[in-house]
Amino acid sequence: MQKPIYKRVVLKISGEALAGNKGFGIDQDTLNSIADQIKEIHDLNVEIAIVVGGGNIWRGRDYKEMDRATADYMGMLATVINALALQDALENREVQTRVQTAIEMREIAEPYIRLKAIRHLEKGRVVIFAAGTGNPFFSTDTAAALRAAEIDAEVILLAKKVDGVYDSDPVINPTAQKFTSLDYIDVLNKSLGVMDSTATSLCMDNKIPIIVFGINTPGNIKKVIMGENIGTTVKGS
């Protein structure tokens, strides 16, 4: 039987992906599909840490007149809502899950403690990191890169609504060309929007590969874990 090629991963799920076709909030069918896919790879004994975004609930950059730090803190709270929803879906599938937040909310989640998170992973629990890095001006992509470095993850799985990285927006341009692989420097120089520059640089410095793929196709997470070449891989030369 074929075995997964990764033992410990960080799965980054955008808030937009959780919204499904609704465009806002949490779509229950999409949430169930994502939870099913996570359980599928959890059953293969893959250690899974998840970083969730909050764009389905709040996008601070859309509110130009609001103080940036305040808007970012509101976005961090949105990620906690998504994390709790995902935890509930996984627990309903008998997958033990822990939510750790970068901003303390002891009544609903553990504070982020690196060694405790690693211990949860070693015990087979899924760990969901919420509230980004806990600091304004940093995205949840940067949080994913930071947490991946801290827990020694082998790869970041960047789950999006789009099935990879293109040379232009495939929604607007039907002739957009999809990349199968990219160098970190290409992403930075061409401003391809895989991750923000801070997150990409952090991955480059720590040699953490990024695989960008579509989350809406059931089974895609397992395909990536098993080494199938779907989506776009970003790594060093």
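The model is predicted, so local features need pLDDT of at least 70 and side-chain atom pairs count only at pLDDT 80 or more, while totals for chains, interfaces and linings use all residues. Residues are numbered from 1 along each chain as its sequence is written, and side-chain values use heavy atoms, with hydrogens and water left out.

**Overall build**
- The chain has eight helices and eleven strands, taken as DSSP runs (helices: H or I, at least four residues; strands: E, at least two) numbered from the N terminus.
- Of its 237 residues, 52% count as buried, meaning under 20% relative accessible area with a 1.4 Å probe and protein chains only; exposed is over 50% and partly exposed is in between.

**Aromatic pairs**
- Two aromatic pairs turn up, counting Phe, Tyr and Trp (its six-membered ring) with ring centres within 6.5 Å; planes under 30 degrees apart are stacked, over 60 edge-to-face, and the rest tilted.
- Tryptophan 58 and tyrosine 63 are stacked, because their ring centres are 4.2 Å apart and their planes at 10°.
- Tryptophan 58 is buried at 17% relative accessibility, whereas tyrosine 63 is partly exposed at 43%.
- Tyrosine 112 and phenylalanine 129 pair edge-to-face, with centres 5.4 Å apart and planes at 85°.
- Tyrosine 112 is in the loop between strand E4 (110-111) and helix H4 (114-122), and phenylalanine 129 is in strand E5 (residues 126-130), so this pair ties together parts 17 residues apart in sequence.
- Phenylalanine 129 is buried, at 3% relative accessibility.

**A charge over the rings**
- The charged end of arginine 147 sits over the ring of tyrosine 112, 3.7 Å from its centre; the rule asks for NZ of Lys or CZ of Arg within 6 Å of the ring centre and within 35 degrees of the ring normal.
- Arginine 147 also lies over the face of phenylalanine 129, 5.8 Å from the ring centre.
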